[in-house]
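Here is a short briefing to read with the model open beside you.

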Amino acid sequence: MLPTHSIRKPAPRKKADDSGSSSFRAGGVLSGNKVFLGFLLVMTTLSLFYSWNLHSSLEMERELSASQLQELQDLVRSKSEEKSSLQQALLTAQNSLSEGEKKISTLTAKLSDCRTSHEDLSGRKARTDSQLLSAQKENEDLRAQVLELQERESEAREKIFDSFDARNAELESKTIELQKQLDLSISHRDSIFKENVQLTDKSTGLQKQYDDSLKQMQRIRDLLFESQQQLDEQRESFQKRLDDAHQQLRLKESEQAQKCQGLSARQAADPIELPSASKADSQAVPTFSYSKVQLPPEVEEKRQSIKEAMKFAWDMYVAYAWGEDELKPVSKQGTSWIKLGLTIVDSIDTLYIMGLEDEYQKARDWIKNNLDNEQSHQESTFEITIRNLGGLLSIYELTKEKMFLDQAADLGERILKAFVSPTGYPEPKVDLKSRASSRNSVGRFVLAEVGTMQMEFLYLAYHTKNSTFAEKPMAVFKKLREMMPDDGLYPVYFDQGEGRKNNGGHMTLGAMADSFYEYELKLWLLTNKQYDGYRSMYEESSNGAIDKLVRESKAGHLFIEDVRNGRPQNRMEHLSCFSGGMFGLGSQEGAVSNPDKQLEVGAGLTETCFNSYKATKTGLGPEIFTFNENGEIIPGGQKYYILRPETVESLFVMWRLTHDQKYRDWGWLIFQAIEEYCRTPNGYSSVNNVDELPVKHDDVQHSFFMAETLKYLYLLFSPDDLIPLSDYVFNTEAHPLGIIRETSGTMPRDIHQHLMLF
């Protein structure tokens with residue numbers, strides 16, 4: 001489009017005036033032609049000017065149009081790009097809109113839930129506001145009581161200050177009187193000093209006499225030792241003759257058995273008879289026997305039920321886990337961690353005591369032919385000692401078969417390699433093949449681990465006549481006595497660098513400490529009450545425990561609590577439940593000067609531990625129990641039951657000491673709960689939560705269930721002369737060891753020197 005200013009319109013022509021005369025027309029033709037030509041010339045000139053002007057304008061317009069066209073083309077390209085961008089943005093926006101609609105749908109659902117929750121919270125808030133108002137009212141009442149107490153305190157302080165002034169005056173008077181007495185005492189001091197010099201001279205003479213007496217006593221001990229050696233030789237000779245006589249007697253009995261029909265059947269029917277000999281070896285195993293007391297039928301029936309449970313547990317182990325450490329009854333397979341046939345070695349003495357002859361024979365043959373102590377991995381020094389070494393020594397004690405003692409000596413020699421620390425304490429883990437040991441991850445020694453191997457190694461040293469087995473383990477007790485606390489209660493941990501007490505402040509009769517206190521008493525009993533150093537340690541520790549750890553709940557339940565950094569925990573562990581029997585045994589064996597008090601404590605703790613079983617839905621005891629605000633027992637944080645023996649151990653000991661029927665009644669209730677909730681089609685399993693029904697099993701039949709729990713239950717319903725407490729001492733894994741019938745004078749000197757006589 002052209003600009004308007006560049007277009008010029010031609011001027012309009014004027015019409016000729018027709019009103020002039022004809023003469024003018026005629027005369028003016030020539031003149032008109034000139035005018036016309038002039039006009040035409042002017043018009044031509046104007047047209048040329050107009051054309052030139054128009055051409056200039058068109059050129060300008062063309063240039064402008066070309067520039068505008070280029071601008072328009074650039075604009076079109078820009079708009080095309082913008083259009084593409086807008087289309088892409090539109091597509092993205094549509095996708096976002098779709099996702100947004102989905103989110104809106106989800107948020108709408110959540111909003112609905114929130115509204116519901118809001119309504120619930122509004123209801124709770126209303127209830128909370130009501131409770132808050134009630135609490136505020138109670139707070140105001142408490143403030144009023146506090147003000148009243150403050151007024152009373154102010155009055156009491158005034159009375160105390162008045163009393164203090166009077167007391168101060170009285171003390172000043174007494175001070176003057178005491179000063180006079182002091183002056184008199186000073187006057188007597190010189191005379192007393194002179195008398196002391198005279199007494200010192202007399203004491204020197206007495207010391208010389210004492211030294212002479214010691215020398216004479218040593219000569220007597222040497223004579224006694226020589227006499228003991230002669231006696232041992234005579235005893236061995238007599239034992240050999242006795243064995244020969246027994247062999248001849250067995251031959252005669254065998255001949256007589258062939259003549260007497262039905263004799264073997266009557267012996268098999270006798271529930272009291274124990275196995276007498278090995279079927280696989282030519283060397284017979286001596287018979288372990290006791291008086292055949294006729295038990296009441298109801299007691300014998302319960303005893304046989306426990307024996308049947310033992311046989312069932314053993315048969316399932318044989319069927320699914322033979323040679324492994326333990327049975328997993330739910331998954332019907334074995335599992336091993338020590339790899340020493342743990343269940344076999346740990347429970348063989350139980351099989352023997354119960355008279356399960358075939359089962360005992362199978363276990364014995366496996367130990368003879370398959371047990372290999374050379375295991376190339378590091379395992380707990382403590383567990384191997386109390387379970388494997390204790391099990392071998394116990395079955396040797398019951399049968400006197402040398403094969404068991406030889407296996408124990410081989411194992412004991414390997415365990416001794418754990419004593420590599422300069423502190424004198426055994427390291428917590430040992431490799432039985434390489435005989436290397438390692439420290440634990442926490443870098444500390446544990447009280448129970450270092451103080452629960454002395455019974456086993458002392459017994460091994462005595463019966464092998466090798467004092468090396470006693471030297472290092474017994475030195476641990478001497479070191480512990482040197483740093484014994486005033487209250488007799490040791491901390492759980494010891495520094496691993498120097499072996500000194502770690503002042504962590506954790507004191508307990510439960511995990512990591514329990515069996516040490518047990519061995520203080522039992523070492524004294526094992527040595528025939530001849531070495532009083534162990535008894536004195538136990539008396540201090542037991543009295544310290546009664547003073548510092550034994551407490552009574554509001555409901556009257558006596559319990560042993562843990563103390564951590566001076567703070568009582570208001571709870572009791574199942575592991576601490578052995579202590580009821582320990583306190584009772586120490587009181588009746590003359591180990592303490594307050595036997596009535598300790599027997600009372602033992603009975604109270606045993607009852608509380610049984611009540612911890614009663615307090616659950618299954619009738620099984622939790623690993624830890626605590627007390628509610630009324631002082632009643634409730635299961636604690638760890639509610640599992642892993643077939644532990646500590647409570648039935650105390651029931652057995654308290655029954656033997658008192659013959660109170662309640663201990664048998666309680667033991668039977670516990671056994672029934674085990675049968676109902678722990679027995680599975682393929683063995684006995686631990687329970688994850690004793691206060692939840694139906695129960696859930698954790699799929700482990702621990703070896704100590706047959707070694708300890710069932711053994712103690714069986715002995716609870718047996719005559720007292722089956723493993724009598726006057727002849728045997730149980731290690732912490734319930735393996736009975738015979739008391740060493742020696743006096744301190746007749747004990748072999750190389751062993752005697754490692755024991756604590758005083």
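In helix 5, the buried residues are Leu342, Thr343, Ile344, Val345, Asp346, Ser347, Ile348, Asp349, Thr350, Leu351, Tyr352 and Ile353. Buried means under 20% relative accessible area, exposed over 50%, and partly exposed in between (1.4 Å probe, protein chains only). This is a predicted model, where local features need pLDDT of at least 70, side-chain atom pairs count only at pLDDT 80 or more, and totals for chains, interfaces and linings use all residues. Residues are numbered from 1 along each chain as its sequence is written, and side-chain values use heavy atoms, leaving out hydrogens and water.

**Helix 5**
- Helix 5 covers residues 342-353 and is largely enclosed by the rest of the structure, because 12 of its 12 residues are buried.
- Helices (H or I, at least four residues) and strands (E, at least two) are DSSP runs, numbered from the N terminus.
- Gly355 follows helix 5 and has a positive phi, near 80°.

- Three strands form an open sheet in the order 8-11-12, with antiparallel pairing; strands pair if DSSP finds at least two bridges between them.
- Strand 8 (506-507) and strand 12 (567-568) are at the edges with a single partner strand each, so one side of each has no neighbour in the sheet.
- Strand 11 (residues 563-564) runs antiparallel to strand 12 and is joined to it by two bridges.
- Arg564 has Arg567 of strand 12 as its bridge partner.

**Phe39**
- Phe39 lies in helix 2 (residues 29-259).
- With a relative accessible area of 36%, Phe39 is partly exposed.
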